[in-house]
Structures are given as C-alpha cells and as structure tokens.
Amino acid sequence: MYATNKVSIQQALDGHSFSVPKPERLSPEAERIEAEVLTPQTVLVPRELFEAASAAELLAAAGLACRENQEAVWSAPRSLGPETEAIAVMAVDTHILQAILERAGDRIVFTTPLLEGPTSGEPTLWLCRKAGVLYIKVFDRSLRMAEAIPVTNQADILYFIERIGHTFPLDEMQLHLTGEETALLRKLIGKRFKQVACES
C-alpha cells in the first residue's frame, strides 16, 4: 500500500488562470501525489486511442484547446465499467504545472472528477459539481456520455439537464449526486428521476 498526498488544481472562474498561487505542501513521505485538476477543459479518451504526444490535439479536437500558457496533462488509465477504459486529458496552467513538477517530480499523478462515479450498467445520471464545473456522466449498460461543463448558476444546470433529457429518459434513471451543493441539486432536479442518491 502506498501513501498518497492529494492536491487540487482549480481553474479560476474568469477562465484565464488557476487559483493555486503556490502548490500545497507535498509530503516527502508520499510515494504518490495525486493532483485533481478542476477545469471544464477536460475530455475522456478511450485508452486504445490515446497517445501522449497528441494530448493537446485531443483537447483541441473536442473544442477545448489549450490557451496560451497552458499545457495538456493526462491521467493514468481508469476502468469506467465493463470493457471501458479511459484516460482523462486536461489543460493546466504552465506555471502551476512547472511548480508542481519541481516539487513532486515523477510522483505526480493527475486525475479529474470525470473519472469517478458508478461503473454499473444501471441507468444512472451522475453529477459532480466542483469549483464552478459540473461533471456529467450517463451510464446505461455502459458509459454513454461524459462531459465537464462550466456552470455559474441554477439556470445553467437546468439548461444542461433539459438537454440531456432530450436524449436520455431521465424518469427511468437514477440520479447520483456528489461534490458541492448536493442538497440544492437534489431539490432542483431530483423529482425528474426515479431514485436519487447523494454523497457528501
């Protein structure tokens, strides 16, 4: 069993910088340091299609291109259900990335909330709200959708839920909530689903 130190890299709401002025203290005892990148510039890529040299191109192909002073980073492969293994690619501020790499070296492992969530085949809409980003995953026997979307208010959330409802039968699905303001999300959209589960 290895020790893991966790830090977060969070994109500021103006979209131009990251709100980590200096990386948190990184334990010298930690064998692995997990950095959770919180940004809508996140995409999941099937493992068999991923090439590290093309990480930035994969973001650009999804309409999430790195801006000036940003670089693409990626996660380790993660199982997202039967026969589904993916790698997350994310854009990170170059200065923050350099600062973390200087302190952590090859101990750093990047991750995103988009790699979390249930992996069963039960029809489920999984939502995680963190740092102004709504992470959305739809499962129906397999992973059907995975998106990271910037949201600033309830109207944004309702809009995206309506859009999802045009494609998937929400009243036949479970709603799984985690992250920030789960009680508010449950009150806002919970009645549309056959069952609701919340994590704090």
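**Salt bridges and a buried serine in a predicted model**

Asp140 and Arg144 form a salt bridge in which the closest N and O atoms are 3.8 Å apart; the term denotes a side-chain nitrogen of Lys or Arg within 4 Å of a carboxyl oxygen of Asp or Glu. This is a predicted model, in which local features need pLDDT of at least 70, side-chain atom pairs count only at pLDDT 80 or more, and totals for chains, interfaces and linings use all residues. Residues are numbered from 1 along each chain as its sequence is written, and side-chain values use heavy atoms, with hydrogens and water left out.

Reader: Is Asp140 buried or exposed, and what is its relative accessibility?

Author: Buried means under 20% relative accessible area, exposed over 50%, and partly exposed in between (1.4 Å probe, protein chains only). Asp140, by contrast, counts as buried, because its relative accessibility is 18%.

Reader: How many residues apart in sequence are the parts that Arg192 and Glu162 tie together?

Author: The closest N and O atoms of the salt bridge between Arg192 and Glu162 are 2.7 Å apart. Arg192 lies in the loop between H4 and strand E12 (195-198), and Glu162 in helix H3 (residues 154-165); helices (H or I, at least four residues) and strands (E, at least two) are DSSP runs, numbered from the N terminus. The pair therefore ties together parts whose separation in sequence is 30 residues.

Reader: Which parts of the structure does the salt bridge between Glu181 and Arg129 tie together, and how far apart are they in sequence?

Author: The side chains of Glu181 and Arg129 meet at 2.7 Å, N to O. Glu181 lies in the loop between strand E11 (174-179) and helix H4 (182-189), and Arg129 in strand E8 (residues 124-130), so the parts tied together are separated in sequence by 52 residues.

Reader: Which residues does Ser75 touch, not counting residues up to four places away in sequence?

Author: Ser75 is found in the loop between strand E4 (70-74) and strand E5 (78-79). Ser75 counts as buried, because its relative accessibility is 5%. With contact taken as heavy atoms within 4.5 Å, the residues touched by Ser75 are Ile87, Ala88, Met90, Phe110, Thr111 and Leu115.
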